[in-house]
Every structure is written in structure tokens, then in C-alpha cells.
Amino acid sequence: MTLIVAIDSLSVEEAEKLARSLCTWVAGFKVGLPFLLVNGVRSLSGLRGACPEKLWVADLKLADIGHVMKLVTSSVASYVDAVIAHGFIGVRGALDELKEYLVSLGKKLIVVVSMSHPGAEEVYDKALPSILGVVAKLRPWGVVAPATRPAIIHEARETLGQGVKILSPGIGAQGARPGEALCAGADYEIIGRLITEAGDPVASAEEVLRKQREMLRKCRG
Ligand code: XMP
């Protein structure tokens, strides 16, 4: 399974309905800060209950000292399987502490190596070799790399090997097409608005899955 649905702007009821209807088809769900700030962390309990066995990721955009990232993570840890943190903050006193904490809870760390918006070329991409060095040292479960710039996905895969999962946002609203990131070496595509803001989110997710399969058939032959 290759699709992770990003939940940012739905109400709790809409999100639960979506999670229930897509549960069989998706690898998991990523819950963002907008959803958590509006609905509260406790809403994750019911939301997860709508599709308990899949991968649930909290995208809290962590970029702080280890102590604070652990405090933030502790508020969501019982509801999710993984959390995302930025890679530019480095290992010592930050990502090393967060990873150790997550491992102690049996949870996964996902590190951003670059972002999907155009401005990521201004700073993030320039630091890519250093950030991939951080990831190689840290060995998190996964990394986030942009579907909008498949060359970054290729480079991450080449440098980090098959032992790390690559999750790619940037499809639909940000311009990349379903399947493009998978063809470049990603394991999962993270898709939000293309699905959540569609008139029929379930039909939109099915269409995304069909397009992913079609694209993979073409690129893998
Ligand atoms: P859309 O609606 O654009 O939502 O499909 C994409 C989701 O992914 C998140 N996002 C990112 N997260 N690095 C990240 O860690 C990125 O480069 C990135 N780009 C998008 C965004 O927050 C939304 O939930």
C-alpha cells in the first residue's frame, strides 16, 4: 500500500468518516497541526479508532531541542505510530534524544530531508548533503522527501539505501502527479487536499490509487 492521506482541515466527524471509508485502501494517515489545534489532541483517540491497524503519523513539524520535542511528542504518542521532525536541527541534543524516546515507546521517527514547496530550493536543498548525513547517522524509520522534485527522492534513496522508508508529499495541490514520487523511489505518497477537499473523497482516493498503479506500470515496465 502506497497512499498516506493527510488530514489537516476536516472536522472530526468528516475525518473519522474518511478514515473508516479508506481504511482498507491506504497505508495510513498523517494528522497535521491545523487539525490538532482546532480539534484537540484527544480527538485522535476516536479518529484512530476509525482505522486502528494502519500507520498513524503526527506531523507536528518538530524543530526544537530534544527536551521540548519529547514533551510535545508525549502528548500524542499514545495515539500515533510515528512523528515527523525536521532534519536541519541536527543529531546531538535534538534528533538523538527524540529518537531514543520514540524507540523506548516502540514508535517511529520520520525526518524531513527537504520540503515540497519552491522555497525549499533556497535553503533546504542546499543543505541536503548535510541532512542526509544526519539521517545516515541517526537511522530513523523514514524520511520525508518532495514529490515535486523527484531528483531529491533519487538522491535520498541512493545515499540512504533501502533500509529507510521515503514518504513524499507534494502531489495534487502542489503540482506533482500521483505515482511520480513512487517512480522516483518513494515508498509512500502523502496526499491531502486532492482527496480531502474533493466532492467525493473516497472516489478521489480510488482515482489516485488507479493513477499510481498506471504510473508504476509505465516506469517499472
Ligand atoms: P496537500 O494538501 O498539499 O498536503 O496534499 C500535503 C501534506 O503534507 C504536508 N507537507 C509536508 N510535510 N515536508 C513535510 O514534512 C514537506 O515538504 C511537506 N509538504 C507538504 C503538509 O503539511 C500537508 O499535511
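Tutor: A search of the whole structure finds two disulfides, a disulfide being a pair of cysteine sulfur atoms within 2.5 Å. This is a predicted model, in which local features need pLDDT of at least 70 and side-chain atom pairs count only at pLDDT 80 or more, while totals for chains, interfaces and linings use all residues. Residues are numbered from 1 along each chain as its sequence is written, and side-chain values use heavy atoms, with hydrogens and water left out.

Student: What is a disulfide in general, and which cysteine pairs with C23?

Tutor: A disulfide is a covalent bond between the sulfur atoms of two cysteines. Here C23 is paired with C51, with 2.1 Å between their sulfur atoms. The torsion about their S-S bond is about 80°, so this disulfide is right-handed. The pair links distant parts of the chain, 28 residues apart: C23 lies in the loop between helix 1 (12–22) and strand 2 (28–32), and C51 in the loop between helix 3 (43–49) and strand 3 (55–62). Helices (H or I, at least four residues) and strands (E, at least two) are DSSP runs, numbered from the N terminus.

Student: Is C51 buried or exposed?

Tutor: Buried means under 20% relative accessible area, exposed over 50%, and partly exposed in between (1.4 Å probe, protein chains only). C51 has a relative accessible area of 0%, so C51 is buried. C23, at 18%, is buried as well.

Student: Where are the two cysteines of the pair C183 and C219?

Tutor: The sulfur atoms of C183 and C219 are 2.1 Å apart and form a disulfide. C183 is in helix 8 (residues 180–184) and C219 is in helix 10 (residues 201–220), 36 residues apart. With a torsion of about -90° about the S-S bond, this disulfide is left-handed. C183 is partly exposed at 27%, and C219 is partly exposed at 39%. With the bonded cysteines numbered in sequence order, the pairing is 1-2, 3-4.

Student: Which residues of helix 7 are buried?

Tutor: An α-helix has 3.6 residues a turn, so residues three or four places apart point the same way. In helix 7 (residues 150–160), the buried residues are I152, I153, A156, R157 and L160. They span an arc of only 135° around the axis, which puts them on the same side of helix 7; the arc is that of the directions from the helix axis to the C-beta atoms. A151 and E158, on the other side, are exposed.

Student: What follows helix 7?

Tutor: G161 follows helix 7, and its phi is positive, near 75°.
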